[in-house]
Amino acid sequence: MGSFSIWHWLIILALVLPAFLPLIIRKPAGGNRYGPEPKPRNFGDAIGICWNNYANFQGRASRSEYWWFYLFVFVIGLIPILGLATLILIIPQLAVTARRLHDINRSGWWVLLWFTGFGIITLIIMLAQPPHQNRQEDVF
């Protein structure tokens, strides 16, 4: 029973630091580099677009498209066929999350925060942010 060694601190830092990286790293300056701004969607359109872009990790997804699709995933998850639904919906979930991160001008690789455990709250905060606008004053 002694004090923490350097190895303890390194392990703690490796587990906790990924959760705070989005707060430390700033968004790139300039216009959104992932394409034109998406339109807001209703429930049916969001589900249709996510199924049409089943494994498309390119482009952007609006906040409404993202959150409507996750409501759909939640409702499907309530059905007893949970294991099958999870396998079917995992790729569209990752794709729409990557496109939503593109909408706030972040890389889709930030999705990996979900798997750290600590990064879930930070990722949800990032996904709730308003879109990064393509304004001229941002470019120059």
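Visitor: Which exposed residues does the face of α3 turned away from its buried side carry?

Guide: That face of α3 carries Phe74 and Leu78, both exposed. Buried means under 20% relative accessible area, exposed over 50%, and partly exposed in between, with a 1.4 Å probe and protein chains only. This is a predicted model, in which local features need pLDDT of at least 70 and side-chain atom pairs count only at pLDDT 80 or more, while totals for chains, interfaces and linings use all residues. Residues are numbered from 1 along each chain as its sequence is written, and side-chain values use heavy atoms, with hydrogens and water left out.

Visitor: Which residues of α3 are buried, and why are they on the same side of the helix?

Guide: The buried residues in α3 are Glu65, Tyr66, Phe69, Phe72 and Val73. They cover an arc of only 125° around the axis, and therefore lie on the same side of α3. The arc is that of the directions from the helix axis to the C-beta atoms.

Visitor: How is the length of α3 to be read?

Guide: The expected span of a helix is 1.5 Å times one less than its number of residues. With 16 residues, α3 reaches 23 Å from its first C-alpha to its last, close to the 22 Å expected.

Visitor: How many helices and strands does the protein chain have?

Guide: Helices (H or I, at least four residues) and strands (E, at least two) are DSSP runs, numbered from the N terminus. The protein chain has six helices and zero strands, so the order from the N terminus on is α-α-α-α-α-α. Of its 140 residues, 31% are buried.

Visitor: At what angle do α2 and α3 pack?

Guide: Axes are lines fitted to C-alpha atoms, for helices over the stretch in contact, and angles run from 0 to 180 degrees between N-to-C directions. Helix α2 (residues 43-52) and helix α3 (residues 63-78) pack at about 85°, with 8 Å between their axes. The two helices are therefore roughly perpendicular; angles under 35 degrees count as roughly parallel, over 145 as roughly antiparallel, 65 to 115 as roughly perpendicular and the rest as oblique.

Visitor: Which residues meet where α2 packs on α3?

Guide: Contact means heavy atoms within 4.5 Å. From α2 come Phe43, Ala46, Ile47, Ile49, Cys50 and Trp51, which meet Ser64, Glu65, Trp68, Phe69, Leu71 and Phe72 of α3. The residues of this contact divide into 10 nonpolar, one polar and one charged. Here Ala, Val, Leu, Ile, Met, Phe, Trp, Tyr, Cys and Pro count as nonpolar, Asp, Glu, Lys and Arg as charged, and the others, Gly among them, as polar.

Visitor: What are the buried residues of α2 and of α5?

Guide: In α2, Ala46, Ile47, Ile49 and Cys50 are buried. Their arc around the axis is only 165°, which puts them on the same side of α2. In α5, the buried residues are Gly119, Thr122, Leu123, Met126 and Leu127. These fall within an arc of 135° seen down the axis, so they line one face of α5.

Visitor: What share of the contacts between residues at least 6 apart in sequence joins residues at least 24 apart?

Guide: In the protein chain the share is 74%. Ala61 gives an example: the loop between α2 and α3 holds Ala61, which is buried at 0% relative accessibility. Beyond its neighbours within four places in sequence, Ala61 is in contact with Pro38, Val96, Arg99, Arg100 and Asp103.

Visitor: How far is Ala61 from Thr97, C-alpha to C-alpha?

Guide: The distance is 8.1 Å, although 36 residues separate Ala61 and Thr97 in sequence. Thr97 belongs to helix α4 (residues 82-103) and is buried at 4% relative accessibility. Residues up to four places away aside, Thr97 touches Tyr66, Tyr70, Val111 and Leu127. Ala98, also in α4, is buried at 4% and touches Phe57, Gly108 and Val111, with residues up to four places away again not counted.

Visitor: Which residues are in contact with Tyr34, leaving aside neighbours within four places in sequence?

Guide: Asn105 is one of them, together with Gly59, Arg60, His102, Arg106 and Ser107. Tyr34 is found in the loop between α1 (6-24) and α2, and its 21% relative accessibility makes Tyr34 partly exposed. Tyr34 and Ser107 are 73 residues apart in sequence, with 9.1 Å from C-alpha to C-alpha.
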